[in-house]
Amino acid sequence: MPKRKSQRKEDGGRLKIGDAWNAITIIALSQESPLKAIAEFVENSIDARAGRVTITRGREQGEHFLMVADDGDGVPRTAEGIPDFHYVGTHICDSIKRQLKLNGAEAIQGEFGIGLLSFWTVGEELAMSSAAADDAIYEMRMRKGDPSYRIVKRRTLIPEPGTRLKIKPLLPGIRQLSGEKIQWYLASELRERIRQSGVQIKVIDRHARKEYSVKPRDFTGQLLHNLPEAKSVHGDIYLELYLNESGPDNEVGLYRSGTRILPSLSQLDAFQCPPWNEGFLQGIVDAPFLHLTPTTRTGVIQDEVFDAFIQALTPVTGRLREFIEEQKQAEEERTSRHTLRTIQRAFREAMLTLPAEEYDWFDIQVRQRAARGGAGATVEDQGEIKEEGARAVPVTETGDEPDTSQKQFFDYAGPLHSVRILPASCVLAVGTSRKFHALARDRSGKTILDDLAFNWRIAEGAGLLEDPETEFTTYKAPEEPGLVRIEATATQNDIVCTAEALITVTDSLLPDNKERTSPRQGLPGYTFEHAPGQLWRSRYDASQNLIVVNSGHRDFIFASKKTKALKLRYITRLFAKEMINRNFPGLPREQLLERLIELLLYTEEYLR
């Protein structure tokens with residue numbers, strides 16, 4: 001008997017599936033997203049040249065179901081005119097669409113022959129029906145976990161065009177998958193395929209009793225033109241990119257032939273860098289030549305084709321960085337203007353509350369308007385801001401008055417919304433008097449002058465009020481120190497608003513050591529000076545009426561990296577520091593700190 005020849009190490013062989021059913025099971029369960037599976041079903045309809053696709057989510061006989069129906073060409077037929085479901089069931093991983101592509105067919109996406117198996121991640125049973133040449137309906141039925149399939153002839157009264165796919169019962173984890181969520185997903189996932197094919201997709205949610213139409217997702221922002229061409233030896237790359245203000249929702253999707261592969265290009269390691277991960281861009285990058293991971297269809301094989309894709313986008317990346325740098329600079333300028341307006345508005349409101357004679361260095365024009373009886377004056381229209389170079393500079397009012405009739409028309413005050421007492425807090429010596437003003441405003445902040453009734457009263461403490469039924473009243477302090485709370489009530493028809501003020505009656509006042517070294521000026525603007533390593537945080541430039549902020553100080557850097565609100569509060573405190581130093585020269589340190597706390601208390605209330 002001849003000896004059996006021993007197998008040598010250099011011998012080889014051909015790979016093959018050891019357990020075909022186990023391989024099919026692994027493939028069927030590899031699709032991690034049920035929404036992606038639904039998109040696969042819709043793409044099959046688009047590949048079959050459907051003009052309408054209807055997705056129905058509902059419940060029948062106590063079971064949740066999902067149905068996708070279209071009016072396309074249906075399942076390819078045999079020579080006898082019968083839908084060839086046997087080919088579908090016995091050619092897993094051998095899609096007929098791949099053969100069609102090789103023969104020159106266009107606008108077909110499928111190529112792996114495994115999309116139908118995705119129903120395992122959606123429900124338990126699949127029933128797919130298609131019409132024969134004689135309009136008879138044949139149906140293929142499969143069950144999750146069952147290697148067999150059945151084909152039956154189903155009776156119907158009315159011919160059914162195209163293909164109908166029905167999955168039931170749905171898996172417990174996705175029974176709450178809403179029609180709205182399906183609509184939003186398909187609008188992004190199949191954006192370009194919907195636009196290119198013109199297919200009409202409708203989602204009917206019988207649970208919510210709503211119907212949704214799937215429209216290609218619209219991007220927001222500025223469409224970028226004149227980008228460098230992105231070409232590779234494997235084909236051209238289509239770019240549609242929009243520049244936005246920075247935000248976490250801004251993403252650039254990676255597509256292949258109109259179907260989204262990844263919601264964000266930055267999910268790939270090669271693109272986890274500016275400008276792709278900075279949140280300034282929306283849009284799509286479509287590369288039809290990329291090789292996909294077959295099972296999930298949500299990844300890219302990083303081969304030589306992918307490397308060519310990266311190289312083709314290199315010039316585009318450089319140009320996008322330039323666009324974003326310009327956007328950042330413009331955004332910083334807008335933020336600077338907004339910050340200045342916010343800070344100046346907060347200080348003006350604080351000045352309305354604090355005693356005017358103690359803070360008379362601030363040229364608050366609302367007092368001048370109020371003194372003239374200007375109707376409709378608001379804190380917001382005290383002054384305008386303009387840009388001078390890279391710094392924000394306040395613009396004071398001129399003597400020119402606009403058209404009075406037109407101004408009165410636009411500044412007409414609405415119904416009563418609030419009332420304030422000016423000042424809302426003050427300190428009086430015993431036995432002295434002070435005048436208070438009840439300022440009524442509408443919802444937009446305009447001053448109301450007509451059809452008002454006022455009533456003043458002392459809610460707590462002692463003292464006297466003169467003319468308690470007018471807009472202005474005079475309070476006379478008692479001879480004993482104490483805390484007094486007065487209230488003002490404004491009434492307009494059925495609307496009633498109340499405000500209060502606190503008066504500290506004392507027998508000793510802080511000395512007034514202020515010495516005027518310069519004429520009164522308006523609220524200052526601010527600019528930045530980058531001086532890292534310097535200990536000063538800010539300084540006041542009297543010649544230009546500007547507060548210079550050290551943008552290189554560690555405190556400024558800390559506030560800027562946290563939140564916009566923290567940065568705003570930091571700059572506001574620098575404003576308060578410089579204004580107190582400027583407004584109260586010569587006061588002892590303890591008194592300056594008292595003034596600083598007072599000013600910050602009434603200013604930060606209006607920071608928003």
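The legends below describe close-up views of a predicted model. In this model, local features need pLDDT of at least 70 and side-chain atom pairs count only at pLDDT 80 or more, while totals for chains, interfaces and linings use all residues. Residues are numbered from 1 along each chain as its sequence is written, and side-chain values use heavy atoms, with hydrogens and water left out.

**View 1. The largest nonpolar core has 45 residues.** A nonpolar core is a set of buried Ala, Val, Leu, Ile, Met, Phe, Trp, Tyr and Cys residues joined through side-chain atoms within 4.5 Å. Buried means under 20% relative accessible area, exposed over 50%, and partly exposed in between (1.4 Å probe, protein chains only). Val42, Ile55, Ile167, Ile182, Leu186 and Ile201 have the most contacts inside this core. Helix α2 (residues 34–47) gives the most to this core, with 7 residues. Helices (H or I, at least four residues) and strands (E, at least two) are DSSP runs, numbered from the N terminus.

**View 2. Valine 42 and its contacts.** Leaving out residues up to four places away in sequence, valine 42 touches Val53, Ile55, Leu186, Leu190 and Ile201. Contact means heavy atoms within 4.5 Å. A second, separate core of 32 residues includes Phe280, Ala287, Val305 and Ala312.

**View 3. A cluster of aromatic rings.** Phe347, Tyr526, Phe528, Phe556, Tyr570 and Phe575 are linked into a cluster by ring pairs. Rings of Phe, Tyr and Trp (its six-membered ring) pair if their centres lie within 6.5 Å; planes under 30 degrees apart count as stacked, over 60 as edge-to-face and the rest as tilted. The structure holds 10 aromatic pairs.

**View 4. Arginines over rings.** The charged end of arginine 539 sits over the ring of tryptophan 536, 4.4 Å from the ring centre. Arginine 260 lies over the face of tyrosine 185, at 5.6 Å from the ring centre. A charge sits over a ring if NZ of Lys or CZ of Arg is within 6 Å of the ring centre and within 35 degrees of the ring normal.

View 5. Proline 275 is in the loop between β14 (259–262) and β15 (281–286). Proline 423 is in the loop between β18 (418–422) and β19 (425–429).
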